Amino acid sequence: MPPNFYERYNENGQTAKQVFISTHERLAKEGGKWLSKTSESCSLVAALVSTVAFTTSTAVPGGPNQNTGYPLFQGRLAFNIFAVASLVALCSSVTALVLFLSILTSRFQEKDFAMDLPRKLLLGLTTLFTSIASVLVSFCAGHFFIVEDELKFAVYPIYVATCLPVSFFAFVQLPLYFDLSLAMIRKVPQRSYKVL
């Protein structure tokens, strides 16, 4: 057998993996606590968004036609945008909820921090952002039918103002999102902050 297939031990009789696990034990515990808190917060938001998305996906703006049963606004662009956005919001919010719950039920072992947990967190954040944006789009498209024709152009600034808090939330989370993306691409993760 080639020599590089044998496990090498240090003077204390430990392999490199055992040394890594013992020296990074505190870091793994702190990372597990942070990841649990983050996943709990995000799963709460995902649950709220999925509740709203379920409600909007079952509601039909304008109601159905009494003779045919089809929606009154079927075929109009705003109705199609509403239908697609509410479906995307429901699917992505449920996916985000499942991903964050899978993080919460994880074992938080050292090998999980290498690829599995960052991948789940990155996908969870992506689907959470998608679901929040889709809920806003479906709200704006559904609300578009309520506004009278004279006010339709006056409502656009309100729609933009409605989207600002979500844009701010996404902007605040972008550094974490980019750090996770880079950590998955690079073989050796780099610090995203300077050590004083």
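Helices (H or I, at least four residues) and strands (E, at least two) are DSSP runs, numbered from the N terminus. This is a predicted model, in which local features need pLDDT of at least 70 and side-chain atom pairs count only at pLDDT 80 or more, while totals for chains, interfaces and linings use all residues. Residues are numbered from 1 along each chain as its sequence is written, and side-chain values use heavy atoms, with hydrogens and water left out.

**View 1. The fold has six helices and zero strands.** Along the sequence the pattern reads α-α-α-α-α-α. The protein is more spread out than a compact globule, because its radius of gyration is 24 Å, well over the 16 Å that the globule rule gives for 196 residues (taken over C-alpha atoms; the rule is 2.2 Å times the number of residues to the power 0.38). The C-alpha trace spans about 85 × 40 × 30 Å along its principal axes.

**View 2. S86 sits in helix α3, residues 77-104.** Is S86 buried or exposed? It counts as buried, because its relative accessibility is 3% (buried means under 20% relative accessible area, exposed over 50%, partly exposed in between, with a 1.4 Å probe and protein chains only). Leaving aside neighbours within four places in sequence, S86 touches A53, T56, S57 and S138, where contact means heavy atoms within 4.5 Å.

**View 3. Here we turn to burial and contacts across the protein.** Of the 196 residues, 30% are buried. Among contacts between residues at least 6 apart in sequence, 72% join residues at least 24 apart.
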